[in-house]
Amino acid sequence: MIPGSVTTAPLRRDAEATKAAILKAARYLLARHAHADITLKAVAERAGVSPPLIVKYFGNKDALFARVMSFDTDADALLDAPLADLGRHMARHVVAGQRERGADPLLRIAFAPLHGDHGDILRANFRTQVTDRLAARLTGPDAGLRAELAVAALVGLGVMYGIARGPHLRETDIDTIADRYGPLVQAQLTPEG
């Protein structure tokens, strides 16, 4: 060693951050391309990793996309509020996700038709992990219908913000949007009395 020189250990990759980057890249590609057209190489390039690292963490393309097609984690965050405040929370969550991460995980459902048989998996996961789970929290009649209507309103908000890029929506404060849109969603969550 040369006097006065500093040696450093090679930088180690943060496994959880790497997995998150891979999932984000796969979600991005899945929202824009048919499942059959997406390669591990394309996911790796977008995530800034090597294809073998994807295989190490997820197994293979099908295992990676099975994880990407799950809404469990996203639903946990979306539904993480008391029922009385859930409409506002959900509206805020959708817009905050768009602003902070550039994506709304719920919008993956809008691209299900692109994915053939994998679209069926995406739809089934969405139904059980998002709308059915929300319906189970609701009281009163027509809980399943009300849950689907509430989620439809949220998907519409996400489409207007992220796909149509509504300029007024995009320049408005998140809390203002949540305050105005939340009651629309909440009307489906709270049974008419």
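Modeller: Please do, bearing in mind that this is a predicted model.

Colleague: Why is M90 called buried?

Modeller: The relative accessibility of M90 is 0%. Buried means under 20%, so M90 counts as buried. M90 is placed in helix α6, residues 86-101.

Colleague: Which residues does M90 touch, leaving aside those up to four places away in sequence?

Modeller: M90 touches L78, L79, L134, L154 and L189. Contact here means heavy atoms within 4.5 Å.

Colleague: Why is A124 called partly exposed?

Modeller: A124 has a relative accessibility of 28%. The cut-offs are under 20% for buried and over 50% for exposed, with partly exposed in between; A124 therefore counts as partly exposed. A124 is found in helix α7, which covers residues 116-137. The C-alpha atoms of A124 and M69 are separated by 9.6 Å, although the two are 55 residues apart along the chain.

Colleague: How do you know that the buried residues of α3 line one face of the helix?

Modeller: The buried residues of α3, a helix of residues 51-58, are L53, I54 and F58. Seen down the axis of α3, they fall within an arc of 110 degrees, and therefore line one face. On the other side of α3, P52 and K56 are exposed. An α-helix has 3.6 residues a turn, so residues three or four places apart point the same way.

Colleague: What covers the buried residues of α3, and what follows the helix?

Modeller: The cover includes α1 (15-30), α2 (40-47) and α4 (61-68). After α3 comes G59, with a positive phi near 100 degrees.

Colleague: Why are α1 and α4 described as roughly perpendicular?

Modeller: α1 and α4 pack at an angle of about 85 degrees, and their axes are 10 Å apart. Angles of 65 to 115 degrees count as roughly perpendicular, which makes α1 roughly perpendicular to α4. The contact is made by I22, L23, A26, R27 and L30 of α1 together with L64, F65, R67 and V68 of α4.

Colleague: What makes R170 a charge over the ring of Y161?

Modeller: R170 lies over the face of Y161, at 4.6 Å from the ring centre. The rule asks for CZ of Arg within 6 Å of the ring centre and within 35 degrees of the ring normal.

Colleague: How many aromatic pairs are there by the rule for ring centres?

Modeller: The count comes to 0 aromatic pairs, where a pair requires ring centres within 6.5 Å.

Notes
Residues are numbered from 1 along each chain as its sequence is written. This is a predicted model: local features need pLDDT of at least 70, side-chain atom pairs count only at pLDDT 80 or more; totals for chains, interfaces and linings use all residues. Side-chain values use heavy atoms; hydrogens and water are left out. Buried means under 20% relative accessible area, exposed over 50%, partly exposed in between (1.4 Å probe, protein chains only). Helices (H or I, at least four residues) and strands (E, at least two) are DSSP runs, numbered from the N terminus. The arc is that of the directions from the helix axis to the C-beta atoms. Rings of Phe, Tyr and Trp (its six-membered ring) pair if their centres lie within 6.5 Å; planes under 30 degrees apart count as stacked, over 60 as edge-to-face and the rest as tilted. Axes are lines fitted to C-alpha atoms, for helices over the stretch in contact, and angles run from 0 to 180 degrees between N-to-C directions. Angles under 35 degrees count as roughly parallel, over 145 as roughly antiparallel, 65 to 115 as roughly perpendicular and the rest as oblique.
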